[in-house]
Amino acid sequence: MNGLTLTKSGEVERFTGLLIGSDGKVKKLLGHGEKRPDRGLDFRHDGKGRVLMPGLIDAHGHVMGLGLKAMTLDLTAARSLAEAQAMIAAYAKANPERSWIIGSGWNQEIWGLGRFPTAADIDAVVPDRPVWLERVDGHASWGNSAAIRAAKVTAQTVSPPGGRIEKLPNGAPAGVFVDAAAELVQKVVPAPQPRERDIALSKAQAILLQNGITAIADMGTSVDDWNVFRRAGDAGVLKVRIISYAAGIEPALTVAGAGPTPWLYDDRLRMVGIKLYSDGALGSRGAWLKQPYADAPKETGLGFMDDAKIRNLIVRASMDKLQVAVHAIGDRANAQAISAIEEIAPSYKDDRRWRIEHVQVLDPADIPRLARSGIIASMQPVHQTSDRLMAEARLGPNRLAGAYAWESIRRAGARLAFGSDVPVESSNPFPGLAAAISREDASGQPFGGWQPQERVSREVALAGFTTGAAYAGFADDRIGMLQPGYRADFVLVDGDPLESTPAQLRAIKVLETWIGGQRAYVAK
């Protein structure tokens, strides 16, 4: 085999053999020409010259969202409103027993609509039962008239704080509900049953293992989600390691009590912290900006918390040593989160590893503040390639210097952790690695990269998906690298990520995935 790993110092170490103990941990890396043990082994596996690398860690994903998406209508492939309507109609026809048609993945930016879709657009194909479809970024949902009626939303319904009901000229709800407004309809949508949730986790694990993901930070774990993870762990079928961040203070206290849980099921599961939301998303103009949107001059986005509330929540979590991860996309939301952590961090002298999730748009003046407070920038490289044209339209040319600014953040001294935000994007980490080093999309556009000064090296990109992601989740003492004493989580792949072009990186295939020295996936 051709083995590679990053070390604690960030150097690349090459090896040709891996000795694993009966406890599922690495005992020794064997170099070229180093004698292999010939006795005392339970089994020997020939890597056949393939590349062996640490299992990839997704620093930000939604495990149950991935699994449930695999069980419902997926509109990701729709390239126009007409295609989406055809997919909705076909799914409804194929599932006549379902009282609600549930789905996700739509993106009006790809459709070139120049507007949000409406309830009437769904009514044209499914008028007889409720349809409820989450946008690709999870920050808006689209319903038909039957869904809106079921929720008793009318022209008189007021948009809640942190949300927006899109309205028709006559004041009636148009069909799209942004951020907190989505709960007005979501609360009447039938919840998945426990058995359905268990199936969803099984589907999610299969997808993650196929993509070489051996651990994932689950951002926004509910009590129901945690119970699914525990049932899988109790049954011995929890394979992927899940680092859990509760969906707020209450679920964290219900699950974890007065502090992070211990690692469970041989380091397969731990609730380590909470996730908070400072704003929405750029695509639905919910990201909170310092200045108005370039393409909507009367809008600045949605701030979900005032300054006092975000400080109170961070302090409440920190009192119980729960790690805090704050979703912040717009420059104003990021400034709010940074300011709150700057004020609170000096009160806690121990290792807190404050996290900001996404960090998509920063005022360049705020970039040095991340490192000064020890804030981890948890970012998703594939968002840059997916969002490029939309970001240019939303932000205009003058705010792009602080957009998806990985290298500037790293150079200023802050730590990076990389993920996918699955199911918003695919959990396949190799397109993420390619985006990180090139800032080009799958078709090589734009040539030379978008804001190419923000590209990172291959080693930095790999660290983001391994050692950096492990550090961000307080798991760097057990996973993220192949070193003696660490869990033997690794993948066999058909290309070397440190010697591949961006196009080759995107095409890398996972051949086998191993977790704790046990093979969990083999490509067919």
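Solvent accessibility is classed here by relative accessible area, computed with a 1.4 Å probe on protein chains only: a residue is buried under 20%, exposed over 50% and partly exposed in between. The structure is a predicted model, in which local features need a pLDDT of at least 70 and side-chain atom pairs count only at pLDDT 80 or more, whereas totals for chains, interfaces and linings use all residues. Residues are numbered from 1 along each chain as its sequence is written, and side-chain values use heavy atoms, with hydrogens and water left out.

The predictor's confidence in each residue is given by pLDDT, on a scale from 0 to 100. The chain averages a pLDDT of 96, and 99% of the residues score at least 70. Helices (H or I, at least four residues) and strands (E, at least two) are DSSP runs numbered from the N terminus; among these elements the lowest mean pLDDT, 94, belongs to helix α3 (residues 108-111), and the highest, 99, to strand β13 (residues 213-221). Where pLDDT is low, the predicted coordinates should not be read in detail.

Asp179 has a phi of about 50° and is found in strand β12 (residues 173-179); Asp179 is buried, with a relative accessible area of 11%. As for cis peptide bonds, one joins Val422 and Pro423, with omega about 10°, and Pro423 is placed in the loop between β19 and α15 (429-438). The peptide bond from Gln445 to Pro446 is also cis, with omega near -10°, and Pro446 is found in the loop between α15 and α16 (458-464).

Aromatic pairs were assigned to rings of Phe, Tyr and Trp (for Trp, the six-membered ring) whose centres lie within 6.5 Å, with planes under 30 degrees apart counted as stacked, over 60 as edge-to-face and the rest as tilted. By this rule the count comes to 11 aromatic pairs. One of them is formed by Trp406 and Phe418, which are edge-to-face at 6.2 Å centre to centre, with 65° between the planes. Trp406 lies in helix α14 (residues 406-411) and Phe418 in strand β19 (residues 416-418), so the pair ties together parts that are 12 residues apart in sequence. Both Trp406 and Phe418 are buried. Elsewhere, ring pairs link Trp106, Trp111, Phe116 and Trp142 into a cluster.

A charge is taken to sit over a ring if NZ of Lys or CZ of Arg is within 6 Å of the ring centre and within 35 degrees of the ring normal. Arg439 lies over the face of Trp406, at 4.4 Å from the ring centre, and the charged end of Arg135 sits over the ring of Trp106, 6.0 Å from its centre.

Grid points are joined across faces, edges and corners, and a volume is the space filled by probe spheres set on the points. The whole structure holds two cavities of 30 Å³ or more. The largest has a volume of about 60 Å³, and its lining includes Pro54, Ile57, Arg487 and Asp489. The second largest cavity, of about 30 Å³, is lined by His358, Gln360, Met379, Gln380, His383, Tyr404 and Trp406.

Methods
1 Å grid on protein atoms, 1.4 Å probe; cavity = no way out; pocket = protein on both sides within 12 Å on 5 of 7 lines; lining within 4 Å.
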